[in-house]
Amino acid sequence: MSLLSRDRAALVVIDVQEGFRSYETFAPVAAASAKLVEAARILELPALVSEQYPRGLGHTASEVGLRDEPRIEKTVFSAARAEGFDLEGRDQALVCGIEAHVCVSQTVHDLLERGVEVHVPADAVGSRHALDYERGLERMERAGAVVTSVEAALFELLERAGTPEFKAVQKLII
């Protein structure tokens, strides 16, 4: 595994939807996902957002701050199996969202099978139950994903301080 690179990475936001708002982990995951979405704009990374059965679970929460990011509706658990899923030729994926042990995990496993290097910020994924969150992260890591944090991932993508991008991203994480 290598460090995340701006010219290789894409952001994948999985199912941070209104239907999951009652989860204890929802607010921190939505906030962390918003940081990643804004950083992807600053760093010019492609970003893709999935929504699991939005007629039943609602759309992506407003606090994630989506603008023009492509959204795909799905009924399959793995976003990678959904129609319209496209990393735009990137071979690294930074994956965040809900739930760590279901849709996030299945997406990560499918991406790994396709030869994509996957990084999962532990502070930007969540599940309803702590045990599911822990086992989901453990399974993804054992399968070959890099479990990281939002801040670590963003500093990898930045590579250096003193740039306009550094100053803009720094405001997101401090």
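What follows is a short exchange about a predicted model.

Visitor: How many cavities of 30 Å³ or more does a search of the whole structure find?
Guide: Rolling a probe the size of a water molecule over the atoms shows where empty space is left. Applied to the whole structure, with a threshold of 30 Å³ or more, the search finds 1 cavity.

Visitor: Which helix gives the most to the lining of the largest cavity?
Guide: The largest cavity, with a volume of about 40 Å³, is lined by Leu11, Leu36, Ala39, Ala40, Leu45, Leu94, Leu154 and Leu157. Two or more residues come from each of helix H5 (150–158) and helix H1 (26–43). With 3 residues, the element that gives the most is H1.

Visitor: By class, what is the lining of the largest cavity?
Guide: The residues that line the cavity include Leu11, Ala39 and Leu94. Leu and Ala both count as nonpolar. The lining has no polar and no charged residues, and its count by class is 8 nonpolar.

Visitor: Are the rings of Phe155 and Phe166 stacked or tilted?
Guide: The structure holds 2 aromatic pairs. In the pair of Phe155 and Phe166, the ring centres are 6.1 Å apart and the planes stand at 50°, so the pair is tilted.

Visitor: Is Phe166 buried or exposed?
Guide: The pair links distant parts of the chain, with Phe155 in helix H5 and Phe166 in helix H6 (residues 164–173), 11 residues apart. Phe155, at 36% relative accessibility, counts as partly exposed. Buried means under 20% relative accessible area; because its value is 13%, Phe166 is buried.

Technical notes:
Residues are numbered from 1 along each chain as its sequence is written. This is a predicted model: local features need pLDDT of at least 70, side-chain atom pairs count only at pLDDT 80 or more; totals for chains, interfaces and linings use all residues. Side-chain values use heavy atoms; hydrogens and water are left out. On a 1 Å grid over the protein atoms alone, a cavity is a set of points where a 1.4 Å probe fits but cannot get out, and a pocket is an open set with protein on both sides within 12 Å along at least five of seven lines; lining residues have an atom within 4 Å of a point. Grid points are joined across faces, edges and corners, and a volume is the space filled by probe spheres set on the points. Helices (H or I, at least four residues) and strands (E, at least two) are DSSP runs, numbered from the N terminus. Rings of Phe, Tyr and Trp (its six-membered ring) pair if their centres lie within 6.5 Å; planes under 30 degrees apart count as stacked, over 60 as edge-to-face and the rest as tilted. Buried means under 20% relative accessible area, exposed over 50%, partly exposed in between (1.4 Å probe, protein chains only).
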